[in-house]
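Thanks, everyone. Let's look at the model together, starting with an interface and then moving to charged pairs.

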Amino acid sequence: MIPSAAFLALAALLFVLGIIAFFVKKDLLTQFMAVEVMLNAGNLAFLALAKGFGRADGQMLVLFVITVAAAEAVIGLAIIVLVFRQRKTIRTDDLKDLKG
Amino acid sequence: MSTIIAGLPLVTIVTFLPLAGALALAFVRSDSPRTVRAVALTVSGLTFLASLALLAGFNGSSSLPQFVERASWLGRGLDYHVGLDGISLFLVLLAAFLTPLALLSSWRAIEDRVKEFSIFMLVLETGMIGVFVSQNLFLFYVFWEAMLVPMYFLIGIWGGRRRIYATMKFVLFTMFGSLLMLVGIFVIYAAYHRATGSFSLTIGDLAAAPLPPGLQTWLFLAFALAFAIKVPLFPLHTWLPDAHVEAPTAGSVLLAAVLLKMGAYGFLRLGIPLFPQAAARFAPALSILAVIGIIYGGLMALAQKDMKSLVAYSSVSHMGLIMLAVFSLNFEAVEGALYQMLNHGLSTGALFLCVGILYERTHTRLIADYGGVAARMPVFSGLFLMAMLSSAGLPGLNGFVGEILCFFGIFTANKVLAALAVSTAILSAAYLLWLYRRVMNGPLKDPDDDRLRDLDRRELAVLVPVIVLTVFMGLFPGTILRKMDASVARTIEALRTRPAVAATMNPAGLATSEAARVTGSER
Amino acid sequence: MSDLFWLIPLVPGASAFILLVFGRRLPRAWVSWQAAGAVFLSLLLSAAAFIGLAGPGAEPQGLTKTLFAWIVSGSFRTAVAFHFDQLAAVMALVVTGVGFLIHVYSVGYMAEDGRYSRYFAFLNLFTFFMLVLVLAPDIVLMFVGWEGVGLCSYLLIGFWFDRPAAAKAGMKAFVVNRIGDAAFILGMLLLLASVGGGSFRTINDAAASGALAPGLATLAAILLFAGATGKSAQIPLYVWLPDAMEGPTPVSALIHAATMVTAGVYMVCRLSWLYAASPAASAAVAWVGAVTAVYAATMALVQNDIKRVLAYSTISQIGYMFIGCGVGAYAAGLFHLVTHAFFKSLLFLAAGSVIHALGGEQDMRRMGGLRKHLPVTYPVFLVGALAISGVPFLSGFFSKDAILTSAFAGGHYVLYGLGLAGAVMTAFYMFRLLFLTFFGPARSPEGAGRHVHESPRVMTVPLVILAAFSALAGFLGLPALFGERVYLFGRFVGWAFAPPSGHVSLSVEAVLMLTATASALLGIGLAFRMYRRSTEIPQRLARRFPALYRLLAGKYYVDEAYDAVVVRPLLRGSGWVYERFDLKVIDRTLDGTAAAARSAGRGLNVLQSGLVRDYALAFLLAAILFLGFLLI
């Protein structure tokens, strides 16, 4: 059997990769994908811990997270499409309206 | 001790009637200024009449709050708790008396957005009266802050050239102090709970439960800062000239006559009863600041070129005398200070009204632009002279009674400070008479100028009641003083009995029983 | 009838109120009758009360009536009450008597003025306050009258308020008086605190019985006297009185000769036991009086304005009254107050008559030879001049002699010498005035060409009455030389005072009287020599001692000195402090905090880059910190 620690390590790795990707990438879409990766990394972590402690709570949470991620993806992607229609760009460096 | 006349919650009515009027005004059409003004005047007039009912029903021999109304509001000690005692009664009357006069004086001065103006004035009135009647610390704070909003708009919209600067300065300055007061309120709340196990922010309860001296010091300073800014005490006074000068006449009148008194009132209602040892400890330092204020304010008034700022600095000087009397912490001084608060409200209110009358005609406040006005406006010159003499403390008028009592009390406490304080007699005569001479006497600045008409009936209706009151209060002060005696005595009492109690107690143990015993008898 | 004495102040007060509110709507005749009538009624009441006191079966301590408790707060209690004793009787009679005559005179003098009712309203108001001052049994109530007469003085000096000089003079009077009043308040507070009450009886009893510590008594007495130097125009607060001549002449007569300026003397007399208990204070009073007497007389020597001479003369004569009080001869000081009221108001009113006749001319250099044209004014003026100079058997002789004799008797030889020097100068400048005005060639353009007429009877009759009193009032106070029983005045008022010190034998007194007479004649003789024919000698003297002349004519430049040392620095200083400190320092601090807040905001603004990336970085860092915190 693969020890749950390995899954946790993988989850951590995925999370960090997601973070790095978020900061390295310059366009909204790929940054969004990075966020999805981070979410899934979290899911993996939950599952690993659920298996490790033998509890079902973790798996329940994963279902929640997947659902929420899906809903968030819908809205987020819709926003990205709208932004693109308005600004003709999805480079985050160009979207600086919140600048104080 | 509840005295409700004919089953009516009189104090609540007096407090919230103006607010109700303001709400009603929201439904009046804004294109009919006459209706707006009439409604506003009626509402404030009714408020005044209601406050007279309070005066009539007031029992001067009792020192406890009367007309008490209490209702649970937010729970856990944040109650709606109002009442009047000898200290607040006359301040409420002052506010109720001057608001309709201020509105009447603006009849022609404010031409645009009359509806909003009247609404703000009425909301201001509710705020002012609310501060004076609150018996709950939280409620007090609510009203204290609530006053700032209408004042901000009144100065900022209908004010003079530098109105934005003036109103921002005023609001930020005052709020800064209030913020520390809020922190202080939280601390008291917690301390009281820790000491007695129950929640209360009733001023009476808090006064009966003494705090350890170390805590008292910080709390007193927090509260004192808020009040000192409001008074204003030197050197925190610089918001006053700007606010007064830039505000419209009605705003200046209420600002000088009522709002400034709240600082002094705060010391009397909260500063001394809640933190007696701290008050006694800081009294000397505050007295020195007050004396500096008296002399500094007077000297600055001499240097002014604008009529309104001259009167504004004279307010600094007069409030300095009042504060010096308050910090003398004896009966005659405190009663004199209280009386002088009323006097100053009337005389400075009258002075601002007079300046407003002149300004309405010529649209200049610079003294240099005036001369020989008395020749064209004899009735006005007479009333203006009376207002000035009242402010200068001429015997026979109200100013003298307050001043002599203050001097007497201050002298009892500290002879040197009294000697310095007496200089106000010279300074006030100097700057006021100088103003009068430059504006009223001498040859007419411009003989062809026909803008200087004498007072019309409306303006007479505004000024004459104030002047008549100054004479009445100068000749028959007893009618007012007798009603104040008990409450003033009680305030001073706290200073004498408290030190012995607080010194021997430890916060948790003795305080509980002491507080419970005392509060039990007061409820 | 005599127990209606409490109406004495109230009648003019009521009249004043009516005239103030309704005056302009009333016809002139009504105003005249009401105003003068009110004072006359007070005079009758005063006379009745006086008779009540002087007659048999009178209460030795006088009558008191309390009207109502006025200010009561804690241990501070003042009631509105009036007290009529011998001292009050004398003052009330003087105030109402001379006041009445001046009211009558004013009817003529102010006949052409447009603000007629206002004038009489103020005059009545003044009478009211002066009577309150005089009849007050309590120092606080006296202070009410004290300030009240100051107010009326301000209103009346500046009566012609469209004249800048008048308005300025009125203000100067009020402010300078207030400086004195500030000292008075402190003295009053000191007494209230130490003695426990404000009534004169309490204060005097405490002082007499020694209950009042000597240091305290001295301090209070000096503070009160400092107030008196303002009100009674002594050094150093006399500077308002000469300028006060801007007001109408009857005002100068009433307020600045007979009544208000004597309030300080009255106060010292009223508190005689206090002053008696403090030798230091009494010495201060006497010395200030003496120095002022001589000092003011020197200035009167060279003034050219007829009213200014009289003003300085008043300052000088009041100095005499204070000499009397200072050496313990309060009755003498008071007596001089009474006689001075008569002849000084006479002189002022007569001067008013002259000015009136010349159509407003006040400069003596443009007068002359008026004796023929003013057949009533001249003789009465002569009587007044003789009286003030201390020519025997006129009132001034007896009163001045009483003071100087007392000074001598008490061993105060320097004071006596100063008084004598002042007497010579008094006679001199008075007759200088007389000769310049009434004798010699007519130097005025109007006097030559225009018809100079005597004043109407409404003005001359009071003059004659005053002249009669000036001449004869002396016999009320005949000194012991002529027999003890004749010293009526002293015996009447003596009850109210602490006993005087010092006595002289009859022969010494006779010598002193002769000396006084001689000094008067010397002064008159010198004036005669220098001014009767021509003004050659004085002009030569002025050329010989130009600096001295300039010093005197320039009034020792005291006004300029005050202006430079006190007024200007104060005004400029406050302006400077206002600009430098209030605006720059305090406001800068505030604006500085605002600016600091703004730049802090701007600084922190850097974080608001608008880039999602940066915000995410912040999230991350915070999350790391938080986790670290939790784990460590």
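How much area is buried between chain C and chain B, and what part of that area do carbon and sulfur atoms give? About 4,400 Å² is buried, and carbon and sulfur atoms give 74% of this area. Buried area here is the accessible area (1.4 Å probe) that two parts lose on being put together, summed over both.

Some ground rules. This is a predicted model, where local features need pLDDT of at least 70 and side-chain atom pairs count only at pLDDT 80 or more, while totals for chains, interfaces and linings use all residues. Residues are numbered from 1 along each chain as its sequence is written, chains are lettered from A and ligands numbered from 1 in the order in which they are written, and side-chain values use heavy atoms, with hydrogens and water left out.

Back to the interface. 46 residues of chain C are in contact with 59 residues of chain B, contact being heavy atoms within 4.5 Å. How many salt bridges cross the interface of chain C and chain B? The rule finds 0. A salt bridge is a side-chain nitrogen of Lys or Arg within 4 Å of a carboxyl oxygen of Asp or Glu.

Over all chains, the structure holds 21 salt bridges. Take chain A. Asp97(A) and Arg87(A) pair through their side chains, N to O at 2.5 Å. Asp97(A) lies in the segment after α3 (57-87) and Arg87(A) in helix α3 of chain A, so the pair ties together parts that are 10 residues apart in sequence. Helices are DSSP runs (H or I, at least four residues), strands likewise (E, at least two), numbered from the N terminus.

Asp97(A) is exposed at 60% relative accessible area. Arg87(A) is partly exposed at 37%. The cut-offs: buried is under 20% relative accessible area, exposed over 50%, partly exposed in between (1.4 Å probe, protein chains only).

A second pair in chain A: Asp94(A) and Arg91(A) form a salt bridge at 3.8 Å, N to O. Asp94(A) is partly exposed at 43%, as is Arg91(A) at 42%.

Now chain C. Are Asp85(C) and Arg270(C) buried or exposed? Both are buried. They form a salt bridge, with the closest N and O atoms 2.9 Å apart. Asp85(C) sits in the loop between β2 (76-84) and α3 (86-109), Arg270(C) in helix α11 (residues 263-270), and 185 residues separate these distant parts of the chain.

Last, chain B. Glu360(B), Arg361(B), Arg458(B) and Glu459(B) are linked in a network of salt bridges.
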